[in-house]
Amino acid sequence: MSDQKFREAISAFGASARAKLTNPAASGEPEDQLRAPLEKLVADLAALSGFRAQDVAVVGETSLADLKTRPDFAVAVQNASVGFIEVKAPGKGADPRKFTAKHDKAQWEKLKALPNLIYTDGNAFSLWRNGELVDEVVHLGDVVADGANLAAPPALLWLFQSFLGWEPTPPRTARQLADTSARLCRLLRDEVLEQMEQRNEALTNLAADWRKLLFPNANDKEFADGYAQAVTFGLLVARAQEIPLDQGLDRAARALGQHNSLIGSALRLLTDEAVDRAALDTSIQT
């Protein structure tokens, strides 16, 4: 019975995606037409994997195509972020190591820092952990040509079960902690710099304050690097001092700000306004 439901879920995905991709009235990029069918597919595969519908949330991250550090979807299970999904145009493939377009290659250099990430072009799906392919790319066929007749390989259900059931592995040594922190700090730095280029008001104002008080000659790249290090160090100190982070950063910002105004101001930017937190949500949540 579950095999039949799995095939039905893939067939429904193929039919819906084909209808959107071949609709002459459709506007936007081809990958945009995959978003709604993909959300439904994730919900169907989550249910088949034993997750309750209300426990799995798929949230569209951004419609700005020039942002390289923001995947298309963030996925949460029971209100905890578990991973991200990046969607490409059908035919581009699901192996980012083979991409040739400058934007796609630059994006992969940033996104491979993420510990749980799916790439898909509708025709194929792949799961990545810290830049390493998990198992193999799963191919369904051609979503436009095959539509409701897409193949339903069991490996796809396993891929989503593994993705949705992911839990972070705590670092066990100082070296592992340093490697993990450095990788995610670089991701945050890239996200900050990208937001600076978008003229994010809160970050631009904070950069001006830091230049006035601390680093008068710092350019945007140097500010982004310093800010990312301050936030990363602040989160590590909060964990070391057993300040809970799972209920928001407000408490950590207040507590650490009493002894370190630099770290306090860095974290406060992430708590004062929801829009400021959202701007850096990929790296901060991770």
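The legends below describe close-up views of a predicted model.

**View 1. Packing of helix H7 against helix H9.** Helix H7 covers residues 174–197 and helix H9 covers residues 220–240. The two pack at an angle of about 135 degrees, and their axes are 8 Å apart. That angle makes H7 oblique to H9. The crossing in which H7 passes H9 is right-handed. On the H7 side, the contact is made by Leu177, Ser181, Cys185, Leu188, Arg189, Val192, Leu193 and Met196. Residues of H9 that they meet include Asp220, Phe223, Ala224, Tyr227, Ala228, Val231 and Leu236. Also on the H9 side are Lys221, Asp225, Gln229 and Thr232. By class, the contact of H7 with H9 consists of 12 nonpolar, 3 polar and 4 charged residues.

**View 2. Packing of helix H8 against helix H9.** Helix H8 runs over residues 201–213. The axes of H8 and H9 come within 11 Å and cross at roughly 95 degrees. H8 is therefore roughly perpendicular to H9. Leu203, Leu206, Ala207, Trp210 and Arg211 are the H8 residues in this contact. Their partners in H9 are Asp220, Phe223, Gly226, Tyr227 and Ala230. The contact of H8 with H9 has 7 nonpolar, 1 polar and 2 charged residues.

View 3. The structure holds 1 cavity of 30 Å³ or more. The volume of the largest cavity is about 40 Å³. Its lining is made up of Ala207, Trp210, Arg211, Phe215, Ala218, Glu222, Phe223 and Gly226. H8 and H9 each supply at least two residues of this lining. Among the lining residues, Ala207, Trp210 and Arg211 in H8 and Phe223 and Gly226 in H9 also take part in the contact of H8 with H9. The lining of the largest cavity divides into 5 nonpolar, 1 polar and 2 charged residues.

**View 4. The largest pocket and the elements that line it.** The largest pocket has a volume of about 1,800 Å³. Its lining comprises 49 residues, and Pro168, Leu184, Ile284, Gln285 and Thr286 lie nearest its centre. Three strands, E1 (56–60), E2 (73–77) and E3 (80–87), each give at least two residues to the lining of the largest pocket. So do H7, H9 and helix H13 (281–285). H7 provides the largest share of the lining, 9 residues. In the lining of the largest pocket, 24 residues are nonpolar, 15 are polar and 10 are charged.

**View 5. Packing of helix H3 against helix H6.** Helix H3 takes in residues 35–48, and helix H6 takes in residues 154–164. They pack at an angle of about 85 degrees, with axes 10 Å apart. H3 and H6 are therefore roughly perpendicular to each other. From H3, the contact residues are Val42, Leu45, Ala46 and Leu48. These meet Leu156, Leu157, Phe160 and Leu164 in H6. The contact of H3 with H6 has 8 nonpolar residues, with no polar and no charged residues.

Terms used. Residues numbered from 1 in each chain as written. Predicted model: local features only at pLDDT ≥ 70, side-chain atom pairs only at ≥ 80, totals over all residues. Heavy atoms only, no water. Axes fitted to C-alpha atoms, helices over the stretch in contact; angles between N-to-C directions. Helix = DSSP H or I, 4+ residues; strand = E, 2+ residues; numbered from the N terminus. Parallel < 35°, antiparallel > 145°, perpendicular 65-115°, else oblique. Left-handed = near helix turned anticlockwise from the far one by under 90°. Contact = heavy atoms within 4.5 Å. Nonpolar A, V, L, I, M, F, W, Y, C, P; charged D, E, K, R; others polar. 1 Å grid on protein atoms, 1.4 Å probe; cavity = no way out; pocket = protein on both sides within 12 Å on 5 of 7 lines; lining within 4 Å. Points joined across faces, edges and corners; volume = space filled by probe spheres on them.
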